[in-house]
Amino acid sequence: MIYYNPDDFFRLLTRLQGSAFRGHGPKRAVIMALVATAITLGNHHYSLLKTQTKTSLAFIDTLTVFNVFIGLMISFRLNSAFNQWRAGVVAIASVAEAARGIVASTAAMLDFCVAGEDKLHFMSEMRRLVCLYVSIIVQDARGHVQDDLQPFIACNLLRDSEADEMRRCGVIVQREKETTAFSTVAQANPHKLRATIVEVWIRRVIQAGGRRGWFAPPQAASLNGNVTTLVSLYTTVYNIANIPIPFNYAHFLTLMMVLYLTLYTLVIVQSSGLYTPLWVFLWGFVLFSCDDLAREIECPFGLDTNDIDLEARIARMEEELDVILRSLHFHEAYVRPHLGSIRDDITEISSTQSISVCIDSKYSHSAHSSPKDKVLPPSNEIPMSAAPLLRMMLESASMPDDETAQVASMADETIPISQTSTMNYGSSTKSGHPMWL
């Protein structure tokens, strides 16, 4: 996405990158200019037009009606495309808000005074599954179709057992290079099936917390409502990204522009002479550029210069979820019964100074230092689980194998959350790893 200053008139006027005049519009205008050149040369040498078109009421009135009709169609086309672009921007922002709302609402409903480490692990799983769902949304929006689930595993979004479950459920389909006309939508785009199974996992996580008494039934119903909101937003993004305008509408609009430029050529050729191709090129340049502009912005999730910067928005969402998890780790350490001395020190510091919400290894030395040295600097040393590398999923579709292996090695070097014992709830895989499903 290009950010600009609307007050900088000359820079806005002279910048060509991302402008409406660098698409297919000029090429199509050249084609119509060549057609106008052929008509002009034929009329100049052989007098093809026996009727005085510049004074004929039939030609002039028809051209006038065409002017109004084409103007209305192009205006409606641009307006509808801009509304869809804005709807895409709002939908992506709403996806980030819904994801943050699910994690933040779940965290606010948990009491970390009891089984705090278990609940931290629970929140880590909730964040991971929400990030996995969002990654499926953004990949579907970008048009990345990945049969292999290894990029999800390398980015700490999916576990091996969950990937095996997806394969057994038929989400991963080995397709031929040339798909037939009888291929299903699921084979053409498996993202919807993946999102469906991840939605079930998220709802199972909420159910697991309710079984342990961490959520009251109204709270669980509220969280499920937030999940439903995220699912409906995915449907909105899917419709914008994958459903184009009807073919007959696009065909009719293109045909009308070609007929208009042809009629325009016939009307002005007798009066403009050899300058006719130039005028046809200018009008065709404007019309086809408007249509090309509308086609570009009606799907705002691609890689064009004016499309939504999904990487930056996903990075901000990751930072928001990380802040929530860090706050929970701080809160759990504060309310843990055997850390009462630390709680007293934090209370003493907070009464005199503003402290950071982060706890790191330097805190253990604060009790033996002077009051001036008790300010806790911001740090990233909170022991948290391996953060999902969600922003890298947009690049993993075109990532070479060696870089994918490098991402996997980076994920293995991260420090796990807390060394807790095996949970007594939730199902377990054959390998013995606890799952919140």
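Biologist: Why is Ala-115 called partly exposed?
Modeller: This is a predicted model, and the value is computed from it. Ala-115 has 31% relative accessibility. Buried means under 20%, and exposed means over 50%. The value lies in between, so Ala-115 counts as partly exposed.

Biologist: Where is Ala-115, and what is its phi?
Modeller: Ala-115 is in the loop between α3 (57–109) and α4. Its phi is near 55°, which is positive, and Ala-115 is not a glycine.

Biologist: Is Asn-156 buried or exposed, and how do you know?
Modeller: Asn-156 has 17% relative accessibility. The cut-off for buried is under 20%, so Asn-156 counts as buried. Asn-156 is in the loop between α5 and α6. Asn-156 has a positive phi too, near 60°, and is a residue other than glycine.

Biologist: What about the cysteines Cys-113 and Cys-155: buried or partly exposed?
Modeller: Take Cys-155 first. Its relative accessible area is 3%, under the 20% cut-off, so Cys-155 is buried. Cys-113 is at 42%, between 20% and 50%, so Cys-113 counts as partly exposed.

Biologist: How many disulfides are there?
Modeller: The count is zero. A disulfide needs a pair of cysteine sulfur atoms within 2.5 Å.

Biologist: How do you know that the span of helix α8 agrees with its number of residues?
Modeller: Helix α8 covers residues 191–211, which is 21 residues. At 1.5 Å a residue, α8 should span 30 Å. The end C-alpha atoms of α8 are 30 Å apart, so the two values agree.

Biologist: Which helices do the buried residues of α8 pack against?
Modeller: They pack against α4 (116–142), α5 (150–154), α6 (160–168) and α9 (217–242). Among the buried residues of α8 are Trp-201, Ile-202, Val-205 and Ile-206. Arg-194 and Glu-199 are also on that list.

Biologist: What comes just after α8?
Modeller: Gly-213 does, with a positive phi of about 80°.

Biologist: How much space lies in the second largest pocket, and which residues are closest to its centre?
Modeller: About 670 Å³ of space lies there. The lining has 20 residues, and the closest to the centre are Ile-2, Tyr-4, Leu-12, Gly-18 and Asn-306.

Biologist: What makes up that lining?
Modeller: The lining of the second largest pocket has 11 nonpolar, five polar and four charged residues. Helices α1 (9–14), α3 and α11 (276–297) each supply at least two residues. The largest share, three residues, comes from α11.

Technical notes:
Residues numbered from 1 in each chain as written. Predicted model: local features only at pLDDT ≥ 70, side-chain atom pairs only at ≥ 80, totals over all residues. Heavy atoms only, no water. Helix = DSSP H or I, 4+ residues; strand = E, 2+ residues; numbered from the N terminus. Expected span 1.5 Å × (residues − 1). Buried < 20%, exposed > 50% of the residue type's maximum accessible area, 1.4 Å probe, protein only. Contact = heavy atoms within 4.5 Å. 1 Å grid on protein atoms, 1.4 Å probe; cavity = no way out; pocket = protein on both sides within 12 Å on 5 of 7 lines; lining within 4 Å. Points joined across faces, edges and corners; volume = space filled by probe spheres on them. Nonpolar A, V, L, I, M, F, W, Y, C, P; charged D, E, K, R; others polar.
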